[in-house]
Amino acid sequence: MSNVRRALVAISVTAIALAGCDNAPKAADRAAADASQSAEPDTVEVAASATPEEEPPAAAPVRTALDAHLGDVKAAPDDKFAYFAYRPDPDGSRHVRYTRTYHGLPVYGGDVIVHVSATGEYKGSSNGLAEPLKLDIVPKVSAQEASAKAKAQFGGRITMVQGQKLLVDASTGTGRLAWEDVVVGVAKDGRTPSRLHVLTDARSGAVIGQWDEIETIAGTGNGLYSGKVTLETQKFGNQYRLIDTTRGRASVCDMKHADNGGCTQLTDADNTWGNGKADDPQTAAVDAAYGAQLTYDYYLKFFGRKGVANNGRGVVSRVHVGDQLENAFWDGKQMNYGDGRGNAHPLVEIDVAAHEMTHGVTQFSVPDDLTYSGESGGLNEATSDIFGTMVEFWAANPNDPGDYEIAERLDLNGNGTPLRYMYNPSLDGVSHGCWSATTKDVDVHYSSGVANHFFFDLAEGTGKTKYGTSPVCGNASGVTGIGRDKAQQIWYRALDVYFTSSTSYVNNASPGNTARAYTLSAAADLYGKCSPEYKAVQRAWTAVNVPGADAAC
């Protein structure tokens, strides 16, 4: 604890003023701009959300290919497919995501991605269904009964049940008629907000699935600061605010230890923010702004992605959320940071910020998200761990150098250990580092270990490395790493172009709808089938005990 306190005292956080730019407006223009900008509201209620994409003309050949290959996506006569997103490749290949309805009902886990060449030739599809849907869409269980079942699953304090709808749950590869209820309230810890989605079988009344929309880092924390950093700010009258106009107007606001309600913009007269200590409300705001800035720039630099929702908009980061809230979370629209025990330990480490914002990236990349339960939920969490770690490496901040440990500076466990270890996930005592038949049954923060372990092996290799010793599972062979850059490119392409909402580690109903199959497709696209990178992906999955039907190279 004494070392942590010394680090906090020694840190100085400074933002660089906007003055002195070559293209600065004239004094009269600045005065007019300042006057108009002073009307900016003092509170921020919600973050900007993504606008639905419009289907571009270039997607038309993909729709034609879909219509000609409905059997490949297991389409039933009454299925309809709605455009979701378009992803072109430099070579002209195109990939289009579609959501599915059955007799007008949304199909959860029914999303597909269709792939065509530059000339419009069909190249295949990503699909989670094992067979066409064929089910009665008249419920036997009433909406009221389903809501009661959903409420019974909630372990905290309920404030309301909202958004009930009838749908087809096809997350297991086959379809079931289900009610979905969203139970809103406060989690068991009495502090963290919760939006629990509960699926109830509309024929039998059994609860068949649940996941929380609030995706958290989980735990208790000691704060970390990033040191002296440069931030983009905006001037309003004679005050500066933490609004980043270069990154889609990303902003930071202060909840002042409230759980909900308006969020007040932080202001500063001299554009030097924070004192490096937790007693200054600006200090956590600096770390939050820095984390948002790094994450935006990382995704743009490496993947051409313009913000969390890929629409050029920044996110709102809310600091000082709740009284002594020992958590940080993405709530589907914006970032939220608690201040931890005694409101003295804000959870604003670089990899934590990037982890949570990556939940937003996943949310806006995959229709219905990577389902936040079971193995798909583990892949969701691992995606956030992977890119949170990659942002930390890329930032190269001497106060928080890159490593493969999650939230290692926050002491979330209270004993000086990291929250998770990517090189050997089982070191935390609960995570799965090797896949087994029980992986689907554990909490998503623990099933994530399999993919985390895979990624480490793919990037750095097995055995003793400078970042930790990575064991292989069973009698698997060792792996030679291909480097972080290639590994992150493979994982991002798999997420953005191939993953469906129900993608898992092992899928007996739909063997192609797996992370192994899709990362191999991504590796083949980027580096060639049976290239050294492709073979490394095969070996890295085998090293964590994830089998596959792919042919040996």
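**Ground rules**

I am working with a predicted model, where local features need pLDDT of at least 70, side-chain atom pairs count only at pLDDT 80 or more, and totals for chains, interfaces and linings use all residues. I number residues from 1 along each chain as its sequence is written, and my side-chain values use heavy atoms, with hydrogens and water left out.

**Entry: the whole chain**

I began with the secondary structure and noted 11 helices and 24 strands. Helices (H or I, at least four residues) and strands (E, at least two) are DSSP runs, numbered from the N terminus. Of the 553 residues, 54% count as buried; buried means under 20% relative accessible area, exposed over 50%, and partly exposed in between (1.4 Å probe, protein chains only). I then looked up contacts, meaning heavy atoms within 4.5 Å. Among those with a separation of 6 or more, 64% come from residues 24 or more positions apart.

**Entry: H5 and H6**

How do the axes of H5 and H6 cross? Helix H5 (residues 281-303) and helix H6 (residues 350-365) have axes that come within 9 Å and cross at roughly 55°. Axes here are lines fitted to C-alpha atoms, for helices over the stretch in contact, and angles run from 0 to 180 degrees between N-to-C directions. H5 and H6 are therefore oblique to each other; under 35 degrees counts as roughly parallel, over 145 as roughly antiparallel, 65 to 115 as roughly perpendicular and the rest as oblique. I noted the H5 and H6 crossing as right-handed, which is the near helix turned clockwise from the far one by less than a right angle. On the H5 side the contact includes Tyr290, Leu294 and Tyr299, and on the H6 side Ala353, Met357 and Val361 are among the residues. Ala, Val, Leu, Ile, Met, Phe, Trp, Tyr, Cys and Pro count as nonpolar, Asp, Glu, Lys and Arg as charged, and the others, Gly among them, as polar.

**Entry: H9 and H10**

The axes of H9 and H10 are 8 Å apart, and the helices pack at an angle of about 115°. H9 and H10 are therefore roughly perpendicular to each other, and their crossing is right-handed. Contact residues include Gln489, Trp491 and Arg493 of H9, along with Tyr518, Ala522 and Asp525 of H10. The class count for H9 with H10 is nine nonpolar, three polar and three charged.

**Entry: threonine 503**

Next I followed the loop between helix H9 (484-498) and helix H10 (515-527), where threonine 503 sits. Is threonine 503 buried or exposed? Threonine 503 is buried, at a relative accessible area of 0%. I found a polar contact of 3.0 Å between the side chains of threonine 503 and asparagine 513; the term means a pair of N or O atoms within 3.5 Å, and within protein one must be able to donate a hydrogen and the other to accept it, with residues adjacent in sequence counting only if both atoms are side-chain atoms. A polar side-chain atom of threonine 503 also lies 2.9 Å from the backbone nitrogen of threonine 500. Leaving out residues up to four places away in sequence, threonine 503 touches Leu370, Glu375 and Tyr518, among others.

**Entry: positive phi**

Histidine 103 has a positive phi of about 50° although it is not a glycine. I placed histidine 103 in the loop between strand E3 (94-102) and strand E4 (105-108), partly exposed at 40% relative accessible area. Alanine 407, not a glycine either, has a positive phi of about 55°. The loop of alanine 407 runs between strand E21 (405-406) and strand E22 (420-421), and alanine 407 is buried at 0%.
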